[in-house]
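Hello,

Here is the structure I promised to pass on. Please open it and keep it beside you while you read my notes.

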Amino acid sequence: MEKEIYKKIKENEIIILARHIGPDPDALGSTIGLKDIIKATFPKKEVFVIGASTSKFKYIGNVDKVDKSIFKDALLIVCDTPDLKRIDGVNDISDFKDVIKIDHHPEIDQFGSIRWVDDTKSSVCQMIMELIYNTKLKMTKYAAEKLFMGLVSDTNRFLFYYTTADTMRIVSKMIDDTHINFTALYDDLYRRPLSEIRLQGYMYQNLIVTENGLGYIKLTDEIIRSFDVDPASSGNLVNNFNNIDEVLVWVTFSEDVKQDQIRVNVRSRGPIINKVLERHNGGGHKYASGARIKTFEEMESIINDLDEVCLNYKKENKIK
Ligand SMILES: [Mn+2]
């Protein structure tokens, strides 16, 4: 698979790299890293990263301004995005000459002349490392930093179950090869404003936990404003609710008045949750999913569905 992708990259003079809307460090690191790699290997190629820029992750790098008229002559590589409607900056993939999909989410839309989709991989950044080391693409120090941040972020510092010996080996090789100062990168990834820490304290205090092991919290616009944070903040904190004895699945609902929607972020340490979110305008991984909903009535329905998933999981696994 890596060899075929390399061949396509070699054949095309214009390459555009895209990822999902509302990007995270894996989405940004994989595209921004791969751009640098392609430019280092083939300096004459024109390579662009598209999608909205984010101030939150500006330390990962910048996106490019691209004239859509070049799409028809370009190879599009879509990273970290399972479905067509969530590709940032692309309305119709048939605008492009050719398309490659590289992803580690469970497949939703099958698209691209090459699809490298493997949901056992920790991150797309890991897949890009494999792409580089299994082909003639050249690793760079700049890319290594971005790829490291994306992988560390998606695995929550090598904590999640899809972190494997292969993950450790390839990261170790990359650090050896490029001498990145990786501990210094944690500061960018994990330093947070006090307002967000205080919101986290509020969330711990006010988490409601059902008998079946569902933890949930509703953050209205009023609460969010009282902490002087934005509606995306609770979603960034959701991973910090792991390892609570009484909680199997946990979900945050954050009202986003500007976008007229409620952001839903769900995590699990056992029950499979993405099917529930797929029924509510969302989706994601087995143990990490999200959605955007319109009303607090729909919130109740998600709470009920997730609670049932917890109940069934407890029954199946004979958990008291
Ligand atoms: Mn990812």
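Helix H11 covers residues 296-316, which makes 21 residues. From first C-alpha to last, H11 reaches 30 Å. That is close to the 30 Å expected at 1.5 Å a residue. Bear in mind that this is a predicted model.

Which residues of H11 are buried? They are Ile302, Leu306, Val309 and Cys310. Look down the axis of H11: these buried residues fall within an arc of 100 degrees, so they line one face of the helix. An α-helix has 3.6 residues a turn, so residues three or four places apart point the same way.

Now turn to the face of H11 that points away from its buried side. Exposed residues sit there: Glu297, Glu300, Asn312 and Lys315.

Next, the whole protein. It is divided into domain 1 (2-190) and domain 2 (197-316). Their C-alpha centres lie 28 Å apart. Domain 1 gives 4 residues to the contact, and domain 2 gives 5. On the domain 1 side, 2 are nonpolar, 2 are polar and none is charged.

Last, the cores. The largest nonpolar core has 51 residues. Ile15, Leu76, Ile77, Ile128 and Leu147 have the most contacts inside it.

Best wishes

Methods
Residues numbered from 1 in each chain as written. Predicted model: local features only at pLDDT ≥ 70, side-chain atom pairs only at ≥ 80, totals over all residues. Core = buried A, V, L, I, M, F, W, Y, C linked by C-beta atoms within 7 Å. Buried ≥ 20, exposed ≤ 12 C-beta atoms within 10 Å, placed from the backbone. Domains from an automatic or database assignment. Contact = placed C-beta atoms within 7 Å. Nonpolar A, V, L, I, M, F, W, Y, C, P; charged D, E, K, R; others polar. Helix = DSSP H or I, 4+ residues; strand = E, 2+ residues; numbered from the N terminus. Expected span 1.5 Å × (residues − 1). Arc of directions from axis to C-beta.
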